[in-house]
Amino acid sequence: MGQQLNKIIKRKRRAAYLKRKKVAAKAAGQRGLVLPIVSAISAMIIEKAQARDEYLEARGATVPIPRCPICTLELAYPFREAGMHPECASESV
Ligand SMILES: [Zn+2]
């Protein structure tokens, strides 16, 4: 069940990433801009993300990463003790 959940999470992350990329490309297109950096980064990130997923899957990872209760994004290691992002904490007061 954990692995299935991981797969669902990965799929959602990828879909969210592709959606952001599409929005950026569309906004640029409407302004007559080409986004070579976005295109280049996008191509690289997809490869890196797939490699990361394969690596994690091969190792039988992973425990769920704690999420920020305010923005719901994953918490990077330094923020886990506080339990939320500093900027989210300051917005919530
Ligand atoms: Zn947050």
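Residues are numbered from 1 along each chain as its sequence is written. Because the model is predicted, local features need pLDDT of at least 70 and side-chain atom pairs count only at pLDDT 80 or more, while totals for chains, interfaces and linings use all residues.

Student: In which helix is confidence lowest in the protein?

Tutor: The pLDDT, which is the predictor's confidence in each residue, from 0 to 100, averages 80 over the protein, and 94% of the residues score at least 70. Confidence is highest in α3, at 92, whereas the lowest mean, 75, belongs to helix α1 (residues 2-30).

Student: Which pattern does the protein follow, read along the sequence?

Tutor: Helices (H or I, at least four residues) and strands (E, at least two) are DSSP runs, numbered from the N terminus. The protein comes to four helices and zero strands, and read along the sequence the pattern is α-α-α-α.

Student: What radius of gyration does the protein have?

Tutor: The radius of gyration is taken over C-alpha atoms, and the globule rule is 2.2 Å times the number of residues to the power 0.38. The C-alpha atoms fill a box of roughly 45 × 40 × 20 Å along the principal axes. A compact globule of 93 residues would have a value near 12 Å, but that of the protein is 16 Å.

Student: Why does α2 lie largely in the open?

Tutor: A residue counts as buried if 20 or more other C-beta atoms, placed from the backbone, lie within 10 Å of its own, as exposed if 12 or fewer do, and as partly exposed in between. The helix α2 lies largely in the open because, of its 23 residues, the number buried is zero.

Student: Is Pro 66 buried or partly exposed?

Tutor: Pro 66 sits in the loop between α2 (36-58) and α3 (77-80). Since Pro 66 has 15 other C-beta atoms within 10 Å, its class is partly exposed.

Student: Leaving aside neighbours within four places in sequence, with which residues is Pro 66 in contact?

Tutor: Two residues are in contact if their C-beta atoms, placed from the backbone, lie within 7 Å. A separate value, between C-alpha atoms, is the 8.5 Å from Pro 66 to Ala 76, 10 residues apart along the chain. With the neighbours within four places set aside, the contacts of Pro 66 are Leu 75 and Arg 80.
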